[in-house]
Amino acid sequence: MAAISFFGDLLQTISERGRDLIGIGRGDLASRANAGDLVKLCEDLISRRGEASGVALARLILDRYASFGPAERHAFLRAIALDFDADSAAVDEAIAAYRAAPSRARLGTLHDAAEPRSQELIRRLNLARGGTLSLVRMREDLFDLRQALRSGDTSDPALLDAVDSLDCDFEHLFASWFNRGFLVLRHIDWTTPAHILEKIIRYEAVHAIADWDDLRARIEPPDRRCFAFFHPALADEPLIFVEVALTGEIAPAIAPILSRERKPLQPQAATTAIFYSISNCQKGLAGVTFGNFLIKQVVEDLTREVPTLKTFVTLSPVPGFAAWLARERRADSPQGLLPEDVETLRALDDPDWHTDKAKAEAVRKALIPAAAAYFLRAKNARGRPLDPVARFHLGNGARLDRINFLGDTSKKGLSQAHGLMVNYLYDLAAIERNHETYANLGTVVASPAVSRELRAKLPPPRAVVLAEA
């Protein structure tokens with residue numbers, strides 16, 4: 001971290017001296033620049049050759065952008081999306097030259113010509129101290145702009161296309177900057193600096209952390225672990241983290257894991273590592289893959305630390321299930337339910353159904369087969385499972401191992417999945433095979449216990465794909 005600090009101080013010095021070269025003070029820019037002015041400065045930035053003046057200008061642009069309100073930020077991003085495209089004349093010329101005499105050199109010229117100017121702008125903005133985090137936050141604003149454009153009364157196809165293209169520029173560059181080789185895995189425990197622990201509380205996206213005592217119960221006991229990926233450019237900002245419970249068996253429910261009254265297990269007695277919460281921390285890095293690397297690295301580290309661990313499994317939420325089931329129950333011809341299941345599942349309309357043993361048992365007999373259909377047959381337009389958590393773990397080579405009835409009876413768990421949770425098993429000997437099967441064929445690798453729950457009289461799988469596409 002000392003080397004990072006030195007580099008940051010060096011950039012700061014360059015930036016301060018660079019402001020003298022460009023003749024613009026930080027206060028001057030803040031007092032007069034609007035979105036249009038900032039776009040002109042961006043034009044200036046990508047035309048400069050001097051490193052010092054470029055670093056200074058990049059920092060000033062980012063500082064002023066940070067002071068804007070949402071409307072002004074969106075105006076700036078719209079202008080960048082529309083005005084910082086590739087030079088179409090240069091692209092046409094490079095295409096003609098390549099067709100006339102194909103060569104690697106001319107293909108390289110075509111590649112350079114086809115690159116949008118917005119990519120070079122993003123690279124140069126990243127030269128500023130703190131530029132990477134500022135750009136991650138800028139992409140979050142871009143997401144808001146895209147949503148606003150899509151949900152508005154009027155649509156501008158050209159603007160939407162330009163904004164989508166700008167987002168692709170961010171994702172393309174972030175994928176390189178946040179390459180696995182740059183990521184640092186840290187063990188988060190009670191000795192971790194408080195400002196990082198506070199972010200763990202804030203970023204937890206699966207099972208909310210109520211307070212500091214709740215956090216302590218998750219990371220201090222000997223049978224609990226938390227690991228996070230960090231990047232040198234965002235030294236105090238976790239990118240993604242996973243919470244792990246060391247147990248003697250596969251857990252079917254989350255409450256015993258989160259209970260503060262439980263008796264901790266000594267690590268040497270544990271045989272199972274349960275990944276019960278995985279949270280992405282930076283919205284602006286959506287589309288950049290961290291989770292698969294995180295799980296594999298944590299498995300390696302835990303195996304070395306606790307040799308008795310033989311089973312690696314998740315206890316995962318099912319965030320899309322309730323919405324899918326609601327559509328099925330309303331459908332004239334359900335694709336994943338039989339008529340008798342539809343009737344039985346009317347009990348779900350009672351918010352307290354899960355507290356009535358008779359109702360709960362009746363629901364269980366219809367809900368588990370419905371969940372099997374949801375995981376094994378219901379597909380999106382790309383032929384992949386509807387559930388995003390399923391796509392993540394299956395894509396990493398895990399197996400859908402168990403469907404757990406009333407695994408999460410919290411308000412959130414009942415709302416998003418009627419209490420269902422699932423275990424995805426990471427069998428180290430089968431991960432690569434499972435991944436290839438899923439990636440090449442779209443096949444959901446599931447245990448026999450899950451497969452047996454699927455109703456025999458459902459419509460053909462293709463009908464499910466069409467219904468959900």
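Strand 2 (residues 224-230) pairs with strand 3 (residues 240-247) in the antiparallel sense over six bridges; strands here are DSSP runs of type E with at least two residues, helices are runs of type H or I with at least four, and both are numbered from the N terminus. Two strands are taken to pair if DSSP finds at least two bridges between them. The model is a predicted one, in which local features need pLDDT of at least 70 and side-chain atom pairs count only at pLDDT 80 or more, while totals for chains, interfaces and linings use all residues. Residues are numbered from 1 along each chain as its sequence is written, and side-chain values use heavy atoms, with hydrogens and water left out.

I240 stands opposite N280 of strand 4, and T247 has T272 of strand 4 as its bridge partner. T272 also stands opposite T311 in strand 5. Strand 4 and strand 5 (residues 311-314) run parallel and are joined by four bridges. From strand 4 the chain passes through helix 14 (residues 291-305) to reach strand 5, and this β-α-β crossover is right-handed; that is, with the strands pointing away from the viewer, the path from the first strand over the helix to the second runs clockwise.

Strand 3 is mostly covered, with eight of its eight residues buried (buried means under 20% relative accessible area, exposed over 50%, and partly exposed in between, with a 1.4 Å probe and protein chains only). Both of its faces are covered: I240, V242, V244 and L246 lie on one side, and F241, E243, A245 and T247 on the other.

Nonpolar here covers Ala, Val, Leu, Ile, Met, Phe, Trp, Tyr, Cys and Pro, charged covers Asp, Glu, Lys and Arg, and the others, Gly among them, count as polar.

Pockets and cavities were located on a 1 Å grid over the protein atoms alone: a cavity is a set of points where a 1.4 Å probe fits but cannot get out, a pocket is an open set with protein on both sides within 12 Å along at least five of seven lines, and lining residues have an atom within 4 Å of a point. Grid points are joined across faces, edges and corners, and a volume is the space filled by probe spheres set on the points.

One cavity of 30 Å³ or more is present. The largest cavity contains about 50 Å³ of space and is lined by F76, L77, I80, S118, L121, I122, L125, M138, L166 and F170. Helix 5 (70-83), helix 8 (117-125) and helix 10 (157-177) each give two or more residues to this lining. Helix 8 supplies the largest share, four residues. Nine of the lining residues are nonpolar, one is polar and none is charged.

The whole structure has 32 salt bridges, each defined as a side-chain nitrogen of Lys or Arg within 4 Å of a carboxyl oxygen of Asp or Glu. In one of them, R137 meets E140 at 3.0 Å, N to O. These two residues are three apart in helix 9 (residues 131-151) and so separated by about one helical turn. R137 is partly exposed at 27% relative accessible area, whereas E140 is buried at 18%.

A second salt bridge joins D164 and R150 (3.1 Å, N to O). This pair links distant parts of the chain, D164 in helix 10 and R150 in helix 9, 14 residues apart. D164 is partly exposed at 23%, as is R150 at 48%. Both belong to a network of salt bridges that also includes R139, R146, D167 and E171. In a further salt bridge, the closest N and O atoms of D401 and R402 are 3.9 Å apart; D401 is buried at 8% relative accessibility and R402 is partly exposed at 35%.
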